[in-house]
Amino acid sequence: MSLARTAAEYMLSDALLPDRRGPHLKGLRLELPIDRIIKFVTVGFPLLLMSLAFAQEFSTGSRISCFSPSNFTIRQAGYVDSSCWDSLVHHEWDAAGNYKTKSLWTHKVLPYSLLALAVIMYLPTLLWNYVAAPSLSSDLLFIISELDKSYNRSIRLVQHMLKIRQKSSDPDDFWEELEKARKERYFEFPLLERYLACKQRSHSLVAIYLLRNSLLLLFISTTCLYLGYFHLNIFFQEEFSCSIKMGLLRDEIHVPDLITCRLTSLSIFQMISFSSAAVYLILVPVIIYNLTRLCQWDKRLLSIYEMLPAFDLLSRKMLGCPINDLNVILLFLRANISELISFSWLSVLCVLKDSSSQKHHIDTVVDFMTLLAGLEPSKPKHLTSKAYDDHP
């Protein structure tokens, strides 16, 4: 009997989680994996295209090449290139003979517009980091700590029960007292459950999360409209007619009215425009899918932690509309599952519980560890049959 008692004590000691004190949980993920991917794409992709545009400009020099008259000197031809690049206006006559101009300024501001796009796309992440992340971090630290502590309390409770059983002279008195304690729910520690129930009535985190993704959709829609309105209009225009007859050159006879220029960076412009539109349009269903995850509960995570005493949000049907702070917290708990040491232990216990539920009534970690510690076989038969009658 002493060997069985010692084995039970060792088993319960091994089941205890190590105490984590000091600077722990510093690697909390305050962004979901899909949010991090969206951030890297929406911010990093325009920065990549901006570097490509600047690299092309530095490697080739001027992004236009003007066909100056043959009687122009090299310095005059250079002046034509710089003047036409500064103005970047296409002059033409329409079919009715009317004089028209069309600005091509989009080519000039392309790298800077990409930089502005990256800054704008980072604003939703900045909003989340400064408004929601601090409170989310404190919530996660408290909940993760309490989940692991609740698991440890259950194991220590079974250890205490084992010691009391060993010292008890009358087994019937011990089991009657134990059944009374279970009936009165003495083993439950309802602080965490009540805290999570309060989070169901809070909507600050979910509002900021919805605002973040809504801003992303708004900025992506604005970007696509900008590309469609300003870039598509000049998407295939490689050449334009430039006029340098202004100022002191207005009355010069040897200066032609219009000079033809060619955009040497048109292929880069087309590639940047097309790839930007394609990437951002692909991100739209990804963001919408990300929002739809707020419309359902992560019941698998909740069902595993229902092995803990006083964590019966599912069995009591306490879950209502999933659009609240609790659902957001559950999503981040799933993302930080590596910080939940108790999760792996409870997952194993759930599997063992399902395989042994036909022989024994198991609700919590206390029930299962009582069985593994060898207390359940010593239970009087009249109490065992009573337990089965109460939980058929």
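Which residues are linked with Glu31 in a network of salt bridges? Lys39 and Arg212 are linked with Glu31 in that network. Keep this trio in mind while walking through the model, which is predicted.

Start with the charged pairs. Side chains of opposite charge can pair when their charged atoms come close. A search of the whole structure turns up four salt bridges. One of them joins Glu31 to Lys39, with the closest N and O atoms 3.1 Å apart. Glu31 and Lys39 are both buried. Arg212 belongs to the network with these two residues.

Next comes a pair between helices. Lys199 and Asp139 form a salt bridge through their side chains, at 3.1 Å from N to O. Lys199 sits in helix H7, residues 191-200, and Asp139 sits in helix H5, residues 110-167, so the pair ties together parts that are 60 residues apart in sequence. Is Lys199 buried or exposed? Lys199 counts as buried because its relative accessibility is 15%, and the cut-off for buried is under 20%. Asp139 is buried too, with a relative accessible area of 6%.

Asp325 is in helix H11, which covers residues 325-335. Asp325 is buried yet has no salt bridge. Which side chain of opposite charge is nearest to Asp325? That side chain is Lys199, 5.0 Å away. Asp325 does have a polar partner. Its side chain makes a polar contact with the side chain of Ser204, at 3.2 Å. Leaving aside residues up to four places away in sequence, Asp325 touches Lys199, Ser202, His203, Ser204, Leu205 and Val206.

Now turn to the strands. Strand E5 covers residues 259-263, and its side chains alternate. Ile259, Cys261 and Leu263 point to one face and are buried. E5 pairs with strand E1 in the antiparallel sense, over three bridges. Within that pairing, Cys66 has Cys261 of E5 as its bridge partner. E5 also runs antiparallel to strand E4, residues 239-242, and four bridges join E4 and E5. Here Cys242 stands opposite Ile259 of E5.

Arg262 brings the strands back to the salt bridges. Its partner is Glu238, and the closest N and O atoms of this salt bridge are 3.6 Å apart. Glu238 lies in the loop between helix H8 (204-231) and E4, while Arg262 lies in strand E5, so the pair ties together parts that are 24 residues apart in sequence. How accessible are the two residues of this pair? Glu238 counts as partly exposed, at 36% relative accessibility. Arg262 counts as partly exposed as well, at 30%.

The last stop is Asn71. Where does Asn71 lie? Asn71 lies in the loop between strand E1 (64-66) and helix H3 (74-87). An unreviewed UniProt entry lists Asn71 under "glycosylation site". Such annotations may be inferred rather than shown by experiment. Asn71 counts as exposed because its relative accessibility is 51%, and the cut-off for exposed is over 50%.

Methods
Residues numbered from 1 in each chain as written. Predicted model: local features only at pLDDT ≥ 70, side-chain atom pairs only at ≥ 80, totals over all residues. Heavy atoms only, no water. Helix = DSSP H or I, 4+ residues; strand = E, 2+ residues; numbered from the N terminus. Buried < 20%, exposed > 50% of the residue type's maximum accessible area, 1.4 Å probe, protein only. Lys, Arg positive; Asp, Glu negative; His and termini not counted. Polar contact = N/O pair within 3.5 Å; in protein donor to acceptor, adjacent residues only side chain to side chain. Contact = heavy atoms within 4.5 Å. Pairing = 2+ DSSP bridges.
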